[in-house]
Amino acid sequence: MAKRFVCSMTEPIVQTTAGKIRGFQLDSTYVFYGVRYAVAKRFQPPQPVEPWEGVKDTLSYGFVCPLLKQETPSGEEKIPHRYWPMDEDCLNLNIWTQSLKPDAKKPVLVWLHGGGFVAGSAIEHVAYDGFNMSQYGDAVVISVNHRLNVLGYLDLSPFGEKYQNSCNAGNADLVAALQWIHDNVANFGGDPENVTIFGQSGGGMKVWTLMQTPAADGLFQKGIIQSGVVEDFFDGEGDGREVVTAMMEELGVEDVEELETVPYAQLAAAYLKVSPAIAAKGGYIGGRPKANDFYLGDPRQIGFTEHAKTIPVLIGTVLGEFSFGHGVPYKYDMSEADQIAMVEKKYGKEESAKVIEMFRKAYPGKCLTDVCVLDTMFRAPTIDFIAKKSVHPESPTYSYMFTYEFPIDSGKVAWHCAEIPLVFHNAELVPIYNTPGVTEVLQERVFSAWMNFARYGNPGNAALPAWPACEAGVENTMILDTDCEVRVNYDHELVATCLRLAPGSLHDEEDDAPKMH
């Protein structure tokens with residue numbers, strides 16, 4: 001069915017702080033692609049965009065940040081990707097909205113993409129498209145590109161005051177984007193005092209690092225962290241002197257300022273060559289925010305800032321996280337003895353009976369083989385994050401676990417990124433999600449939860465049972481599946497036991513995994 005398209009010399013045009021921009025309208029939704037929010041010089045803080053005369057077109061996605069190395073497409077039936085032209089001139093954002101009236105005051109959702117702090121982009125996943133979220137949620141949806149890897153998170157501060165925050169330049173870009181949104185979003189129908197930042201994997205990490213960044217205080221009011229807490233990822237000892245010196249030697253340069261003009265491909269190649277040996281001996285190699293006066297540090301280590309305590313949080317993980325590869329063939333036809341044998345191989349014969357008992361109690365109705373891909377890498381530190389955040393009464397913390405089983409390979413455990421299409425109301429764009437009579441119901445539950453949290457600070461909705469916030473010592477976790485219910489501290493002992501018996505395991509299927517974006 002044809003949609004109504006509008007893009008003329010007079011509409012839709014919006015005034016921003018730097019000048020006017022033109023997007024297009026498709027039915028009820030106004031779209032603006034590749035909007036510049038700041039300008040960056042390599043290793044330096046982002047600077048405001050220079051004002052312009054006339055009207056700039058924002059009809060195409062902007063460049064995305066260059067990657068350290070070429071990616072290989074895989075798992076596209078589960079996580080369809082879009083690969084886009086890359087350039088350091090990547091400080092841009094995309095906007096979908098239902099109104100251009102300054103008094104509309106619609107909730108604003110700002111998507112921070114995954115890929116850790118080294119890869120990914122605002123448009124990498126097909127499911128990142130904000131059109132349906134804006135339309136069905138009557139909201140302003142914005143996705144942000146920013147500097148990554150050596151461009152956004154390499155510490156050159158030992159080489160001079162000029163580079164004092166180069167280790168957090170990528171997060172400084174995000175602060176600049178949030179400031180641009182605060183200053184401009186009213187003209188796109190949004191409420192600058194009702195902004196929710198949300199992200200998955202590295203995007204979730206960006207949410208809580210921004211909660212610990214004083215420069216971002218007041219620029220967002222709520223945070224959603226999807227599979228975004230990991231152990232021992234931040235705040236390593238040391239600085240960038242060793243890795244930067246090694247890069248300079250590899251590149252044959254004597255002055256650190258020469259790194260500002262080295263072609264990116266050479267810079268990335270030098271980093272990839274010298275950093276593994278430094279990391280192997282525990283040295284700092286960057287690639288993530290580093291605690292300083294700008295970013296204060298991991299709240300699980302240093303505590304939440306006074307402002308972070310006031311931010312309502314919706315946080316959770318998925319059952320399988322790294323279960324990207326093929327499922328267990330005919331798992332429901334396996335004998336119990338064969339299922340138990342799989343568990344014993346994973347966790348050892350001595351304590352497998354205990355693991356089996358705890359798993360069946362935590363996940364009644366799930367196939368026993370699923371415990372072999374049970375996530376602990378994200379779930380264990382997420383439990384800790386929730387415990388430490390929920391003791392602060394200043395704002396609520398809501399917990400979820402996504403456990404839906406997908407119709408492929410006799411039933412596939414939910415994997416890292418599996419909830420994203422439902423969050424964006426984009427299940428129709430991803431082949432594996434299309435189960436008539438099931439997908440629509442599950443999407444309504446998940447989408448409504450995210451939208452209600454963004455609008456009201458509470459994910460509760462008519463499609464779900466009552467969803468209480470967590471309390472000190474009480475994690476009320478909403479199980480999101482074909483049957484939804486709240487369970488209390490239901491998997492804590494199971495996760496702790498599996499983590500102890502298989503520490504650091506990313507499961508046997510990791511080798512088949514798509515990129516963690």
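1. The E4–E5 hairpin. E4 and E5 make a hairpin with two residues between them, and Asp-27 in that turn has a positive phi of about 50°. Helices (H or I, at least four residues) and strands (E, at least two) are DSSP runs, numbered from the N terminus. Strand E4 covers residues 24-26 and pairs with E5 in the antiparallel sense over three bridges; two strands count as paired if DSSP finds at least two bridges between them. Phe-24 stands opposite Val-31 in E5.

2. Ground rules for reading this. This is a predicted model, in which local features need pLDDT of at least 70 and side-chain atom pairs count only at pLDDT 80 or more, while totals for chains, interfaces and linings use all residues. Residues are numbered from 1 along each chain as its sequence is written, and side-chain values use heavy atoms, with hydrogens and water left out.

3. The other partner of E5. Five bridges join E5 to strand E7 (residues 92-97), and the two run antiparallel. Here Tyr-30 stands opposite Thr-97 in E7. E5 is also mostly covered, with seven of its eight residues buried. Buried means under 20% relative accessible area, exposed over 50%, and partly exposed in between (1.4 Å probe, protein chains only).

4. A three-stranded sheet. An open sheet of three strands has the order E2-E3-E6, with mixed pairing. Its edge strands are E2 (13-15) and E6 (55-57), each of which pairs on one side only. The twist averages 30° from one strand to the next. Within this sheet, strand E3 (residues 20-22) pairs with E6 in the parallel sense over three bridges, and Ile-21 stands opposite Lys-56 in E6. As background, strands of a sheet pair through backbone hydrogen bonds, either parallel or antiparallel.

5. Backbone spots worth a look. Most residues other than glycine have a negative phi, and most peptide bonds are trans. Against that background, the peptide bond from Glu-11 to Pro-12 is cis, with omega near -10°; Pro-12 is found in the loop between strand E1 (5-6) and E2. Phe-43 has a positive phi near 70° and is not a glycine. Phe-43 belongs to the loop between strand E5 (29-36) and E6, and it is buried, with a relative accessible area of 2%. Asn-149 is another non-glycine with a positive phi, about 45°. Asn-149 is placed in helix H2 (residues 149-152) and is buried, with a relative accessible area of 2%.

6. Helix H5 and its cover. In helix H5 (residues 241-251), Val-243, Val-244, Ala-246, Met-247 and Met-248 are buried. Helix H6 (264-280) is included in what covers the buried residues of H5. After H5 comes Gly-252, with a positive phi near 75°.

7. Two nonpolar cores. A nonpolar core is a set of buried Ala, Val, Leu, Ile, Met, Phe, Trp, Tyr and Cys residues joined through side-chain atoms within 4.5 Å. Which members of the largest core touch the most other members? Of its 133 residues, they are Val-110, Ile-142, Leu-259, Phe-402 and Trp-450. Leaving aside neighbours within four places in sequence, Leu-259 is in contact (heavy atoms within 4.5 Å) with residues including Phe-43, Val-244, Met-248 and Leu-267.

8. How H3 meets H4. Helix H3 (residues 169-184) and helix H4 (residues 202-211) pack at an angle of about 75°, with their axes 11 Å apart. Axes are lines fitted to C-alpha atoms, for helices over the stretch in contact, and angles run from 0 to 180 degrees between N-to-C directions. H3 and H4 are therefore roughly perpendicular to each other, on a scale where angles under 35 degrees count as roughly parallel, over 145 as roughly antiparallel, 65 to 115 as roughly perpendicular and the rest as oblique. At the contact, Asn-171, Leu-174, Val-175 and Leu-178 in H3 meet Lys-206, Thr-209 and Leu-210 in H4.

9. Cysteines. With a disulfide taken as a pair of cysteine sulfur atoms within 2.5 Å, the count comes to zero. For Cys-90, the nearest cysteine sulfur is that of Cys-65, 4.3 Å away; Cys-90 is buried, with a relative accessible area of 0%. Cys-484 is likewise in no disulfide, and the nearest cysteine sulfur, that of Cys-470, is 16 Å away. At 16% relative accessibility, Cys-484 also counts as buried.
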